[in-house]
Amino acid sequence: MKAGSNRQYSRTVDETGRSVVRVVGTCRAENHAFIYLAKHFRCKGLPVPEVYRVSEDEMEYTQEDLGDTLLFDYIRQGRETGCFSEAEKDMLRRVVRLLAHVQTEGAEGIDWSVCYPVPAFDRQSVFWDLNYFKYCYLKATEEEFSEPALEADFHRLADALLACPETGFMYRDFQSRNVMIRNGAPYLIDFQGGRRGPVLYDLVSFLWQAKANFPAALRQELIGEYEDERRLIATARGNGVQPFTQEQIGVFVLFRTLQVLGAYGFRGYFERKPHFLQSIPYALRNAFELLELHPALRVAYPEISRVLLAVGETVLDRRRDTPEGSCVSDGAAPDSIGINFRPHLLEAEVPLTVTVYSFSFKKGIPEDKSGNGGGYVFDCRSTHNPGRYDAYKHLTGRDKEVVDYLEHDGEILTFLESVYRLIDHHVERFVSRGFNHLQVAFGCTGGQHRSVYCADATARHLRERFPGIHVELIHREQPQL
């Protein structure tokens, strides 16, 4: 396994027969920071993996195996549909409350000098991230900008960030891919970059993660949940805390957006990692929404605001010319910021909608309500049917037991490989020709197991490969999904 860093992860079995994760790093100081912080947090009763064995040079260690469920995957339904279930919301509430404890209790007694690469979030740290954005993202887009004006904005932004009085353990990269769910409880990973700093940075990093797709109302609810927990912790210690203002939140959202664009630019444009390239439109969407909701930011940071809006246009123009690209619209929709941009980045309007159905052949093929007709109907009945067995009859193609059954021999995966090749070509051609709708339907006997699995997998595939298009997922026989 390999994530965004150069650390190598692999699952193995140690001498006691337990499953562990083996970590090989390239930087001793970074490894040392993780090992130290993991032991410190466990002493505080915080849920982090236990470190079992460390090599003498600290270049390799083994840690507790927390399983395979990332919070990012746990909230998949909400991320993909924008409609989060109560179970997903409850887990998110637990996670933001846990964050308040890590930042407060986790900070007590830390030897900050161990933190990597610096002990505290300071002006130098701010400019590392701002220059990351400038050199690894902005310059890679070849967008023209004023160096003096951008630098002036950077200095004003640094002043605003460092003026935030609420400090504690700053996780640095607190997002849903760095939280794991085991036995229904959240555990924290990848905190080796933590340091002393403004706690608001972590909350913003989590709630404005590019692909998390949290609706504005849910973000506000989770901010309130976090603030309540922070207040309870402070009261128990005889302290007081000040609630964050919308202005402070906006400043940190802007900064975090610049930071992640820098990371996506480096990992995507230079290291050619598709996941990071696919995340760029989502980060730009956050930027557009932020600047629309906080006009004061456009006044305070005019060059940053201008280039964020401009690079969105640049990126979309380039994506139009590549087969990997998303759709574009010949007509530009005016926005309240006063420029024209391709509206699909905000997902308020899309040139192409792909409707993906699961259905039962017993009840007929879904009607194409767009009026275009055509599209694809795939028959899943050639693959193994879990519905024939009592253990699976009450489940659907979203349940782990059914997924494991279907994927065990790989038959359905081979089937979907052929499906993807057909659909991908169709989407690319529809985009280039300016069409606005494509229907894809998966049928099986009852519309419960195989078709649900295939429709879910295809919707997920399309959203990841073509992040600008709108994918509508309908389980006709399973309306509760």
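**Exercise 1. Aromatic pairs**

How many aromatic pairs does the structure hold? Classify the pair formed by Phe-41 and Phe-169 from its ring geometry.

*Solution.* The model under study is predicted.

Step 1. The count of aromatic pairs is 21.

Step 2. For Phe-41 and Phe-169, the ring centres are 5.1 Å apart and the planes stand at 80 degrees. Planes over 60 degrees apart count as edge-to-face, so this pair is edge-to-face.

Step 3. Phe-41 belongs to helix H1 (residues 28-43), whereas Phe-169 belongs to strand S5 (residues 167-170). The pair therefore ties together parts that are 128 residues apart in sequence.

Step 4. Phe-41 has a relative accessible area of 1% and is buried; Phe-169, at 0%, is likewise buried.

**Exercise 2. Helix H4 against helix H8**

Describe the orientation of H4 and H8, and the make-up of their contact.

*Solution.* 

Step 1. The axes of H4 (residues 86-104) and H8 (residues 216-236) come within 9 Å and cross at roughly 40 degrees. The two helices are therefore oblique to each other.

Step 2. The crossing of H4 past H8 is right-handed.

Step 3. Contributors from H4 include Leu-92, Arg-93 and Val-96, and those from H8 include Glu-221, Leu-222 and Ile-233.

Step 4. By class, the residues in the contact of H4 with H8 are 8 nonpolar, 3 polar and 7 charged.

**Exercise 3. Helix H7 against helix H9**

At what angle do H7 and H9 pack, and which residues of H7 meet H9?

*Solution.* 

Step 1. H7 and H9 (residues 246-270) pack at about 65 degrees, with axes 9 Å apart. H7 passes H9 in a right-handed crossing.

Step 2. Leu-200, Tyr-201, Val-204 and Ser-205 of H7 meet residues of H9, including Phe-252, Phe-255 and Arg-256.

Step 3. The contact of H7 with H9 comprises 7 nonpolar, 3 polar and 1 charged residues.

Terms used: Residues numbered from 1 in each chain as written. Predicted model: local features only at pLDDT ≥ 70, side-chain atom pairs only at ≥ 80, totals over all residues. Heavy atoms only, no water. Axes fitted to C-alpha atoms, helices over the stretch in contact; angles between N-to-C directions. Helix = DSSP H or I, 4+ residues; strand = E, 2+ residues; numbered from the N terminus. Parallel < 35°, antiparallel > 145°, perpendicular 65-115°, else oblique. Left-handed = near helix turned anticlockwise from the far one by under 90°. Contact = heavy atoms within 4.5 Å. Nonpolar A, V, L, I, M, F, W, Y, C, P; charged D, E, K, R; others polar. Phe/Tyr/Trp six-rings, centres within 6.5 Å; stacked < 30°, edge-to-face > 60°. Buried < 20%, exposed > 50% of the residue type's maximum accessible area, 1.4 Å probe, protein only.
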